[in-house]
Amino acid sequence: MLRSSRDDKSLLANSCGSQFLQFSRRHRVTQKKNTEIPASDRLPQIKVKALEGKLSGAGKRFAIVVARFNSFITERLFQSAFDGLARCGTKRKDIDLVRVPGSFEIPSAARALAETKKYDAIICLGCLLRGDTAHYDVIVNEVTRGIGQSAQETGVPHAFGVLTCDTLEQAIDRAGLKMGNKGFEAALAAVEMANLKKAVSRQAPSKKTLMSRPSGLSQSRRRKKH
Ligand code: DLZ
């Protein structure tokens, strides 16, 4: 299993807030010593309760769809995605790996998996490299649209870990070198969105509740009226 210090930084950045990390490096400050932050760089303190998904993958089920095309890259994306899920607490038995020939096949496989309703999120991994023909552009659009459509129509979060690069070097940089590992990022996005979906559905009144309270009156008050 591939592990890199960049992966660690990426996890940390996602859980602590990457903006603060970048900022603290620039100004050599810790969160407590914010008196050292120049006034011009200070953000206004807006106290708004945000609904966010936690980075906890314990008890959650994920499917990882991996394209075999450009496997030199996609295997690295997969290793890092798996690592990301494990670090979030997801058990090995709760992760299903599904392989497809190329990125073009990712959306249909992802959709079939999402429709089973067995998974809290689907992680889509592929690597599209620009060639001399228009093939790349056609596939990029189709894959992006297909994954988005599957997520919206099934209601199951899908993480987009499909690299779209001009060169192999760019892809290598995003599969564990200079630019981190997009597989790891996709795994964390999947965990966060799975938790966010739960948090949102806990907040929203169910259809049943809405239907049982017409015009805002409770059942007992309605009974008294008639
Ligand atoms: C055919 C093809 C080409 C030229 N390039 C890529 C690529 O860069 N990345 C990728 O994931 N897949 C590629 N494929 C394969 C297609 O995605 C698809 O698997 C085939 O066209 C078969 O449907």
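This is a predicted model: local features need pLDDT of at least 70, side-chain atom pairs count only at pLDDT 80 or more; totals for chains, interfaces and linings use all residues.
1. Residues are numbered from 1 along each chain as its sequence is written.

2. The ligand is surrounded by 15 residues (near meaning a C-beta atom, placed from the backbone, within 6 Å), and the closest are Phe 69, Pro 101, Gly 102, Ser 103 and Phe 104. Two or more residues of this shell come from each of strand S3 (121-129) and helix H5 (135-154), where helices (H or I, at least four residues) and strands (E, at least two) are DSSP runs numbered from the N terminus. The most is given by S3, with four residues.

3. Helix H3 (residues 71-87) and helix H7 (residues 182-203) have axes that come within 7 Å and cross at roughly 40 degrees, the axes being lines fitted to C-alpha atoms over the stretch in contact, with angles running from 0 to 180 degrees between N-to-C directions. Among the residues making this contact are Leu 77 and Ala 81 of H3 and Ala 187 and Val 191 of H7, contact meaning C-beta atoms, placed from the backbone, within 7 Å.

4. The largest nonpolar core has 46 residues, of which Val 65, Ala 81, Ile 122, Ile 123, Cys 124 and Leu 125 touch the most other members; such a core is a set of buried Ala, Val, Leu, Ile, Met, Phe, Trp, Tyr and Cys residues joined through C-beta atoms within 7 Å, and buried means that 20 or more other C-beta atoms lie within 10 Å of a residue's own. H7 gives the most to this core, with eight residues.

Note on methods:
Two residues are in contact if their C-beta atoms, placed from the backbone, lie within 7 Å. A residue is buried if 20 or more other C-beta atoms lie within 10 Å of its own, exposed if 12 or fewer, and partly exposed in between; C-beta atoms are placed from the backbone.
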